[in-house]
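Hi everyone, thanks for coming. Let me put the sequence and the structure up on the screen, and then we can walk through a few places together.

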Amino acid sequence: MSDSVKPPFNYSGFYGHPRWKLAAQSYERNLGSALANSPKVVTAAKKTLERLFEVLLMDYKANHPGENDTKAKEEVSRAFFLNEFQSAGQIHATNHNAWECYKTTLLGEDGIFPSNLRTIMTAIYNAAYFKSAVLSECAKTRPSLQYEDISFKRILHSGWLERGGASHRSLGLNTQHLNAYLAFLEEDEALLPMRHLTSFTKWGYNFAQDAYALGCMAFYSSKQDLKELAESQRARTLRVDTAGKSTPKTYADLGVPVTPLEMAFLISKESSSVDLEGFDVPEFVPIDQIPKKLDGKPDFNALKVPGVIAVQESKDWTGGNGQLMGAFIVKAQSVTMGDIRAADLQRIRGSEELVPIGPEFPLEWLEGGALYSINPSSWWYQRITKRGYPLATGISGTTTRMLATFGWLNVPDVTPFDFLCAVAGWMLPGTDHSLYEILRGAQIALLTPAHENQEVGPKLGKVKQRQLFKYADKDLDDVLLVLSNGNAMDAYNALYSRLVRCDALVEPVDFYPELGEGYALLKYALEQQKNLHYGYDASTVSPWTVDSAKKIANDVKREIDSQQIKVASVKDAMKNLGPASIARWESLVLGLRQLEDTLKSVNLDNKTGFQQMSAALGFAFQEYAEVKRFLLQVRPRSLMNTFYFDLLSGQTSSYDATDDPEFPANPEDHFLLPAAGAAEWVSDQVYVIETSDIYESPTYRNSVAPWLRRIGMTKEELLEKLSESNIGAVHFYTGNSHQLLNFGMQFQGYAGGIFDAKGVGEYVKSLIYGLADGKSFHEMPSFLTQHPYFKSTYDDLVAVAGKPKAREFADVLAGKVDKFRSVLANELKIHIDMLYETLLRLPPCGSMKIYRGDWRKSTTLWGLMKNPFSMYSTWNSGFSVNTFTSGSRSRIVACGFAEKLGKQDKDRNAVLLELTIENSGRDISGISASKNEEEVLILPGTSFRITKNEAATIKYMSSGIEFSFDGVLVEANESRAPSTPVNLEKISTA
């Protein structure tokens, strides 16, 4: 969808949902994990590391002429390591010198320690400026401390008075940008009052004459950047608890586990022992040591002395009679642990699983979320979260400094966007910052097109012409521009699309070799079955068919041999997908093995063997569908698609019918509108699209392949345009919810109304009471007919519809609707926005005629009094559609609807519309829940000019039989294409 086109409610339904914040936070951490595991992103970080090392080494040799190369590399390598236990990703050179540690642990040259994004980025962070700052602070309290500052920060400062000279230029730095910034720090008169005002406050260091002073960097970018940076820092406070801290299991579950090198570094810290309470220790008490009651029976209560938390009888059942042997008492006992890391996740000998062997303690790491919390009542928090962004700790100054470092270094063969991905992969899993805070920090470091040719900074003193940072990276420019002008969904979508296009995200087919091999095998077998299918004769087995089958069997067996499906390490490779996904994969693997055994053992010299071959490949067809469904669940998706797919799946609903009648205690914790089986239907539909060129029935006019040809797209192009959530939005609309969604559309920008929860609730209740009075409707909202909280009452109402007792059930059902009306209104906005976006992703139908069955009030006096301004009135010259309006390529289908609608009320006339559309129509028949309707949706906001409007006897043929009905024939031509709807900002959730 074009960045300039917004859906009707501008995603406010997503942001208003109580689940959104948690979903966004979870998505960002998982996105960070995916980036941390991306080979392209790790490579970008490693190349930046190598470039930084190169610059430090050249500078060191220039300052130490005559020192041998080995000594120089050893000293420079030390700059990348720091004994700071609260900083994530730190490691040290146990049993190695610094140079060897740099090569093996950071670059991964020996293959023993694979490159890890967290440790690489932390090393860059150390050598750029962090270690220099730490040592400088230490020297203030320990004057005797002797150290040589080997850092990029020192290089920047040492060349301060030599800008344009040999120092920075000889190192290959970006002198054009760097010199302008350093001149600003030294000479700009606007900084002087800032330094004086803050010199006696805790903010003073932000405006020091320091290349990495964050206040100076923000002030250099723009006054607005400085203002928001200050707002975000004022909004945060130091935590007094450990609520934000992570354990090793936290990182293991995210797929970025604490590495052995990181753990070895943490264990090396000297720490005092810890006393733990609450360990349960069982102790056996023989029967003869248990006190007796007066009747001679054991008195188990006498064992419940202080310190004993449970008593359990012990019987011997070997003889079958359960002889009482004594009792186990369970005591609460304190335990002293000298090494608090001893209980962390560890590999058990002979197992691939990481298992906890005791209680895990929070890591010493102080991630941003563990150090700070944001005041939710602050102006900055309120303003940014309203746009849908979750926040963590304030705008990321570290991102600003790291991106500036990258730009000054002139790193070859790495784009700023790739390095920003590395920063995000470093920070997001541990919640150091949120995605907004990281991208906003990048904006301060980089000039986006929105700032070009504008005076965005303070008035300059001696420097007349200021040169701001500008990197020719369209991907980064586009994302940051969206961040400035859009809301969270715009930014997430822009970032996700560019990550996929730049290959920064890895699909499971590529990331998990075993899954990729099984997928490739099944796809190959399925393609071969097409050949087998068209060569098979059920009555005879011709020599050609046998030869063809033999060739197919041999090809498939060779494919299996070449793939060599291995499953031993699947659990470890897919550990971040959770136990349910792993169990499902194991069942797929079992199916693959069975298929492999069948294909290897089949004998095609007889008809039985041929049938076995056909059956085995038929099984492959089914297994392929399972693999595709699995892929849909585990592959990276945009947050919008993830959230919407969870809504379709009902992933956060936890209704238990036994909890009623007071359910729900908190209605907003539940998704209300997913249609039953919607997620499964979507997965199957994607599979049908994937195989549309392999299995196409020529007798089925609505199969996917003809539809793709009709809209002019290949299956690959379609699946690139439409996610499973887009397909799900069409399914939801066509599956029994179109009237409910169109009711919500009446209140978006075209009608100028205010969409509120009360109005939505009243509309649904009008349907309920209409049903109680015996009226029939084309459809009822799916949540009434399918959600377990409503379904039983709805079924009771249907059973007595039109009878006096029906009103009692209607009152109960209406009361339930009132509880959920806020959720209902919010989710309606979500579905409307998703459907609108989906339609914009499909190509226009172009100039064509479609048909629609509709109705209007009769021309009797009573009918005109009820609705004198019907859009199809004879005195109207045209009309506009303000909702999603359905038409059909089939005149027969439209006539059927018109005839049915005309008979529902005595004051109605059936209307058949013959509409000539140009650019407003979207053919959705290939992904509709009702494919036989051959549906074309007309975009809201389309206008038509009526060319014919007259009473007529309308005739049509169906199954060779002629039908007819009296009605109104309206012919109209599209006169105005839809415009972008007005976005609603004032949304009531009362």
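How many disulfides does a search of the whole structure find? The search finds zero, taking a disulfide as a pair of cysteine sulfur atoms within 2.5 Å. Among the cysteines, Cys 216 is buried, at 0% relative accessible area, and Cys 895 is buried, also with 0%. Here buried means under 20% relative accessible area, exposed over 50%, and partly exposed in between, with a 1.4 Å probe and protein chains only.

Now, the ground rules. This is a predicted model, where local features need pLDDT of at least 70, side-chain atom pairs count only at pLDDT 80 or more, and totals for chains, interfaces and linings use all residues. Residues are numbered from 1 along each chain as its sequence is written, and side-chain values use heavy atoms, leaving out hydrogens and water.

On confidence: pLDDT, the predictor's confidence in each residue from 0 to 100, averages 77 over the protein chain, and 68% of the residues score at least 70. For residues 161–166 the pLDDT is below 50, and that stretch has eight contacts (heavy atoms within 4.5 Å) in the model beyond near neighbours in sequence. Where pLDDT is low, the predicted coordinates should not be read in detail.

Last stop, Ser 434. You'll find Ser 434 in the loop between helix H18 (416–427) and helix H19 (435–445); helices are DSSP runs of H or I, at least four residues, numbered from the N terminus. Ser 434 counts as buried, at 4% relative accessibility. Leaving aside residues up to four places away in sequence, Ser 434 touches Glu 28, Pro 390, Leu 391, Ala 392 and Leu 428.

Key. Helices (H or I, at least four residues) and strands (E, at least two) are DSSP runs, numbered from the N terminus.
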